Each structure stands twice: as C-alpha cells, then as structure tokens.
Amino acid sequence: MKRTGPVLLGFLVGMLMLIQYFTPNRWIEARYNNVLDWKQVVFGVTLILGVLSLLLHHGRLIRRRASGWGYSWVTVAGLSVMIVAGVLRGKEHGPYPWMFEYVQSPMQATLFALLAFYVASASYRAFRARSLPAGLLLIAGVIVMLGRVPLGEMIGFHAGERFYSLATLSDWVLAVPNLAAKRGIMIGVGLGMTATAIKIILGIERTYLGKGA
Amino acid sequence: MAPTGSAWHEGLSRVDRRVLFLAVAAAVALPLLFPLNLPIRISQEARAFHREMEGVAPGRVILLSFDYEPDTMAELDPMSLAVLRHAFGRGVRVVAMTTYAGGVGIAERILAQAAAEAGKSYGTDYAFLGYNPDYSATMLRIGESLRGAYPTDNYGRPTDELPLLQGVDRYAEIPLVVTISASALSEYWVIWAGGKYHARIIAGNTAIQAVLIYPFLQTGQLAGMLGGLKGAAEYERLVGRDGAGVRGMDAQSLAHFLIVLFILLGNLGYLLQRRVRARETRV
C-alpha cells in the first residue's frame, strides 16, 4: 500500500489532468480547478519550507563557527528583519517597502551589472577560435553582438535600394540557424517530457517517490 | 626563439583585467554623460509588438505581467513603463500581476509612476493583483477565472469589487496578454495561456532570453517581441516618448564594440602564438 497508494493517486490525478484537456464536462472542469488551487497552496507551503530550511542551515553554520559563519549572520538578520518589518507594519508601508526599494533592489541590480565586467573579462580570456565549431560560434557571437546595437546597424553596404547591415546578418543568424537549433532542442525536450509523463502516470517511473520505490 | 616577438604576441592575450574593467566602465559611463544620439533601427518584432498594442480598442483591459525581479530591472523597467504609457495614452486599461515575489515592489513603483503621469485611477483604469505562488497554476487558472486565481488584489480588496474587472474574468475577455520577462516565463505564457486558452500574447524579454523565444515568434504563437534594452529603445521610439531604453543605447553600443574588440585582440594574440609555436616545433 505504501507504494501502490501514491502510484494510484498519481495515475488518477494524471488521467484527470489529461482528460480535462479534451472535455468541457463541468465536473471535470471543477476538479481541474481544485487541482490548480491545491497546486498553488502546495507551492506556497514549499516557500515556507524553503525559509525554514535556510534558517536551519545557517543556524547550524553559526553554531559550529564554520568558515564564513559571519555571512550566515547577515543572511539570518536580513531575512528576519524583512519578515518582522512585513508582519508588523505591512508590505505597503514602513520599513518593508523602503528596504526593498533602497537595499534589495540596488544590491540585486548591482550584482547583475557586475556581469558586464566579468563577461568582458571572461570572453576576452576564454572565447578562442581553437577549432572550427569554436570559430563558427565566435563569428556568430560577434555578428549578433554588433548587429543588435545601433553602432553595428550602421556598418554595412548598399545594394540598390536596400542597405545590408550587420543587423541584417544578425537577424538571419537569430531567425535561421538559432531558430533551427532551438526548435530541435524543444522537440526533443517535448518528446522526452511526454514519455516521462506517460511513464509516471502508468507507474513505470517511480523515482519521484524516493529511494526504494 | 624570438623573445621580443613572443612577448608582443603574448601581450595581446594577456591584457590586465583591471585595464579591461576600466575600459568597460568608461565605455558605459561616458556615453551616458555625453550622448552620441546614434540612430535606432526599428526591428520587425518591435513593430509587431507596437501594432498589437495599437490594435487594442480604448476601454478594453489588457493583462500585464511583471515577470522579473530587481536584478534585470535596468533592462526591463523601460519596457514596462513604455507599455503602460502607451496603454494609458490610448485609454487602454491595465490589470497587472507578477509571477515573482520580488516583482511586487517593481510593479507598484512603475504602475504608480505611469498612472500619475497619465492621471489614471486605481480600480477603474488599472489594478495590481500582486504575486501568486506557482506561475503555471496561476496562468492556467486565469484561463478559467481571473477572480478565481486572484480572489483579492495586492491590497486585499476583493477583485469582484474592482470596476476594472467587471466583465473581465478570463483570457477570452482579455484582448492582449503582455509579459515582460527575464526568464523562460514568456515561453510558459505561450504554452499555457496561448496553447490551451488561445490568449494573444506579446513579450518583452532580456536580450539573452529573447534569443530563445524566436521559434514562438516565427509560428505566430507570440504576436510581437521586444528584445533587451534595444527592444525597449525601439518601442520607446515607436510610442514617441524616449526613456531609459533610448538613453542606454549609446552605452550599450560602445560596450558591445569594446567587448568584441577585446575578443578579437585575444584571438589575434592566440593565433599568432600558435603560429610561432608551430614554427618552433618545425625547427
């Protein structure tokens, strides 16, 4: 029963979600909405579990005085201050929106902005035409990088009425080879997902139940 | 063999990273201080995005989803603001939401700014539903009932009582869904809102993400797209009101050119070194 119960439940819910796609039946539609509502509740609970897990993990690091435990204090303090501020004064007024606007937002944006420097440094050091595929990737990358900015769009030549710029070439790279590769990957992923879903519904794939299932 | 020559070759691919960082900082900062006003070409995708927005009749309600957090706001805030300015300027009403917890503060700030500029009222001209956990369930649930997915708005007011949502409860009653996204959320909107409920969708994406959603654009599953800060700049030009997107174009142009220049220098150094080594082995 320990195995059969979850597999049976998976089969029933999986079949319900499959069938609802093809029928306008009111009862099935209502059950489908129940599942969607429950899914959001479960997701919300996982957020709480995530916060608890984070607190427990950093609490352990602080107790053991593990390497970098000072940063764990910062994490716990940041999390606690935001929660307390939100609970006491609400999320529209007081310190919560202030900290979001003037602490969290600038910090996140700054970290992301640093990528410009690291991308420049990393691509300079690692982006080498060591082989034919690497060379092709390099050429495509350069075309797209230059073709997607105004300065690159000005580089090109006139052929009759038309102006063929790096942007034209960049559009072609994105709309033909890039699109073909992405579509191939998507079809592969789609087929894989369908096969896995069928295996789960039929109880063939049970790894989601944990060890020994 | 030739120490001076080797040092010269090696120097090309061993530029100190501090020099590189300084060059990038200058390439980004200088054009912001002294604009070059480079011309901006409008792409087909941006034209399609603009056309879709123009196609919404005044008075109708569109759904705008802020699918990003503060890390990408420099790239995506200009798009969100331009969409709202365009919509409010044409009398189109907006119901907004976010699929990220960190998107709430961003959405509130931009909605407040655009509404204040256009003199729009909360509840009648626009509303903010807030964040719902689990984007897939939220997107699917809106197909059945928007009020079911969001019984209250972000401020706890029942959505049933919002004048904006009278007669608007599912995708079938929303002429356009706009997602401004930093991740694969545009793709999920296409799959769940577009595939199952036939919602008409346009997307604004970070430049990295834009590359990945071209297949949906080609098939028409996405009716229009803005890619990165360049997309925001194009749209601002189409709307006729320059903003942070247009302002950032000169800086982005120079930064891209600088990075490409360094990549080419590095490769030149690498190829020359390889030639020297090949010659040494032959000798």
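Predicted model: local features only at pLDDT ≥ 70, side-chain atom pairs only at ≥ 80, totals over all residues.
Me: What holds the strands of a sheet together?
Reply: Strands pair through backbone hydrogen bonds, and the pairing is either parallel or antiparallel.

Me: What is the strand order in the open sheet of chain B, and is the pairing parallel or antiparallel?
Reply: The six strands of this open sheet in chain B follow the order 3-2-1-4-5-6, and their pairing is parallel. Strand 3 (126–131) and strand 6 (224–227) of chain B are the edge strands, each pairing on one side only. From one strand to the next, the twist averages 15°.

Me: How many bridges join strand 1 to strand 2 in chain B?
Reply: Strand 1 (residues 61–67) and strand 2 (residues 93–98) of chain B run parallel and are joined by six bridges. To follow one pair, take B:Ile62, whose bridge partner in strand 2 of chain B is B:Val94.

Me: Which strands does helix 8 of chain B touch?
Reply: Helix 8 (residues 185–197) of chain B packs on the sheet and touches strand 1, strand 2, strand 4 (177–181) and strand 5 (201–205) of chain B. The direction of helix 8 makes about 170° with that of strand 5 of chain B.

Me: Where does chain A have paired strands, and do they run parallel or antiparallel?
Reply: In chain A, strand 1 (residues 156–159) and strand 2 (residues 162–165) run antiparallel, with four bridges between them. One of the bridge pairs is A:Ala159 with A:Arg162. The hairpin of these strands has two residues between them, and A:Gly160 takes a positive phi near 70° there.

Me: How is the size of an interface given?
Reply: Often as the accessible area lost when the parts come together. Between chain A and chain B, the buried area is about 5500 Å², and carbon and sulfur atoms give 63% of that area. In residues, 53 of chain A are in contact with 65 of chain B.

Me: How many salt bridges and polar contacts are there between the chains?
Reply: The count between chain A and chain B is seven salt bridges. The side chains of A:Lys39 and B:Asp134 meet in a salt bridge, at 2.8 Å from N to O. Across the interface, 22 residue pairs are in polar contact.

Me: Which helix gives the largest share of the side of chain A that touches chain B?
Reply: Helix 4 of chain A does, with 14 residues. Other elements that give two or more residues to that side include helix 2 (26–64) and helix 7 (166–201) of chain A. By class, the side of chain A that touches chain B has 29 nonpolar, ten polar and 14 charged residues.

Technical notes: Residues numbered from 1 in each chain as written. Chains lettered and ligands numbered in written order. Heavy atoms only, no water. Pairing = 2+ DSSP bridges. Axes fitted to C-alpha atoms, helices over the stretch in contact; angles between N-to-C directions. Contact = heavy atoms within 4.5 Å. Buried area = accessible area lost by both parts, 1.4 Å probe. Salt bridge = Lys/Arg side-chain N within 4 Å of Asp/Glu carboxyl O. Polar contact = N/O pair within 3.5 Å; in protein donor to acceptor, adjacent residues only side chain to side chain. Nonpolar A, V, L, I, M, F, W, Y, C, P; charged D, E, K, R; others polar.
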